[in-house]
Amino acid sequence: LTFDDLTVYEMIAAADTLGVFQVESRAQTQLQPRLKPRTFGDLIIAISLIRPGPIQGDMVHPYLRRRAGEEPVSYAHPRLEPALKETLGVILFQEQVLKVARDLAGFSPGQGELLRLALGSKHGAAALERFRADFLTGAQANGVSLDVAAAVFEQLRAFGGYAFAKSHAAAFAVLVYQSAWLKRYQPAALLVGLLNNQPLGFWSPAVLVGDARRHGLEVLPVHITRSAAKCTLEEGRVRLGFNTVSGFGDAASARLVEARQAAPFNHLADLGRRTRLPHRLIEQLIRAGALDGWGLARRQLLWELGLLNYQADELPLELPAEGLGLPPLGESEAQVWEREVLGLSTGPHLLTRYQAWLRGQGILSTADLKKQPANRRVRVAGLVVVHQAPPTAHGVHFLTLEDSEGLVDVILWPPVYQQFRPVVRDSSLLIVSGEVQRDGDTVSLLARRIEPLSGP
């Protein structure tokens, strides 16, 4: 790869990055439309900006405003320009700590390295005070005012404990570009890799599968005959493997695949006797829909499983299933089963059954929400797929809601969260009322009221 494919950068700038290493989080997808990366160097910046150091040092928004031409590039002192010119006057890289200490306060390379170590140490408070005195003295000797020197040192203190080396960020940026290239040109292969290496990344498998389907990629369910031990490519589509079924480790998956090599399984007793899998694992296969290809209802198969014995010393006798009139399994109930067993469903999104009712209530989809002007009061419904309360957010909570059309970020100020905390904690399907927030191409919802979605 040559790291110069503009379509890859355009995809990242549009925050179309679910499943892409390091730039898929809520914070990164909020950042990318403002940063608008176009080069490999921009990816290094993107990785370094969303770190505790720049956030706590209040360096993220000044950098973005300066990059957009909304604020002039400035330096606390002219001596800082050589060290900070590449990052528009703000400190982003660990190496810049050493350069700032050298250029402003006359620190030697050895002193700078000791300062860096003290900044990153949990037990460096006493050492930091000594370095602070040396820093202020050295800066004043170079003609820097005491106020400026003290302010710069406090920036270093806030930043240095979480400093990120530029070399480290560059290595990560290689993986960012490679992951993004795969998402752009080989999305099925990327999804297979992600699903086969869970837990991994910011998003759950359900969200990754939903995103893939919105991009036109077909994800096929677990199938007793066609699935492999792990997820695979199947004619350009993704076939879920037995590893996605709860309880199926490598040993159980391998046993099932090995037993199937002699001949396909043709009924439940055949499956049980040839694999010797515990009833609970075969029950998981049934609930996941892996045996739907036999043309028997899942409830019927579960009933038959309860009558089935396949101990090593038993004769292979067939016990006829009683003709019970079991109620059919509805689509929504089947999806609930699949989510319980797989953590996802290859069927329609959970909100699909509510769409007509939601439209009738004037509740917007996530796609419609993103077309609304700033500050408009709206209502939106979705499935909660992420709930965050970062320490740096000072009590602000963030939700990410998903429907069949996409994702939207919801901001809850502390009083709003406290008021609606029971609803947020107890309900996964929510209706949120609030104001549309716009920051360039980034759209979110500032919540005012939250209620559970109970439907028609």
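A pocket here is an open set of grid points, on a 1 Å grid over the protein atoms alone, with protein on both sides within 12 Å along at least five of seven lines. Keep that in mind for the exercises below, and remember that this is a predicted model.

**Exercise 1. Describe the largest pocket: what is its volume, and which residues lie closest to its centre?**

Solution. Start with the volume: the largest pocket holds about 1,500 Å³ of space. Next, look at its lining of 50 residues, where Arg26, Ala27, Gln28, Ile50 and Ile55 are the closest to the centre. Then ask which element gives the largest share; that is helix 2, with six residues. Strand 6, strand 7 and strand 8 are among the elements that each supply at least two residues. Finally, sort the lining by class: 28 residues are nonpolar, 14 are polar and eight are charged.

**Exercise 2. Work out how strand 8 is paired: which way does strand 7 run relative to strand 8, parallel or antiparallel?**

Solution. Take strand 7 to begin with: ten bridges join it to strand 8, and the two run antiparallel. Follow the chain to the end of the hairpin, where two residues separate the strands. Asp439 stands opposite Thr442 of strand 8, and Gly440 in the turn has a positive phi of about 70°. Now turn to strand 6 (residues 406–412), which is joined to strand 8 (residues 442–452) by three bridges and runs parallel to it.

**Exercise 3. Decide whether Leu429 is buried or exposed, and find what it touches.**

Solution. First place the residue: Leu429 belongs to strand 7 (residues 429–439). Its relative accessibility is 13%, and the cut-off for buried is under 20%, so Leu429 counts as buried. Beyond residues up to four places away in sequence, Leu429 touches Leu351, Tyr354, Gly382, Leu383, Glu451, Pro452 and Leu453. To finish, check one of these contacts: Gly382 is 47 residues from Leu429 in sequence, yet their C-alpha atoms are 5.7 Å apart.

Key:
Residues numbered from 1 in each chain as written. Predicted model: local features only at pLDDT ≥ 70, side-chain atom pairs only at ≥ 80, totals over all residues. Heavy atoms only, no water. Helix = DSSP H or I, 4+ residues; strand = E, 2+ residues; numbered from the N terminus. Buried < 20%, exposed > 50% of the residue type's maximum accessible area, 1.4 Å probe, protein only. Contact = heavy atoms within 4.5 Å. Pairing = 2+ DSSP bridges. 1 Å grid on protein atoms, 1.4 Å probe; cavity = no way out; pocket = protein on both sides within 12 Å on 5 of 7 lines; lining within 4 Å. Points joined across faces, edges and corners; volume = space filled by probe spheres on them. Nonpolar A, V, L, I, M, F, W, Y, C, P; charged D, E, K, R; others polar.
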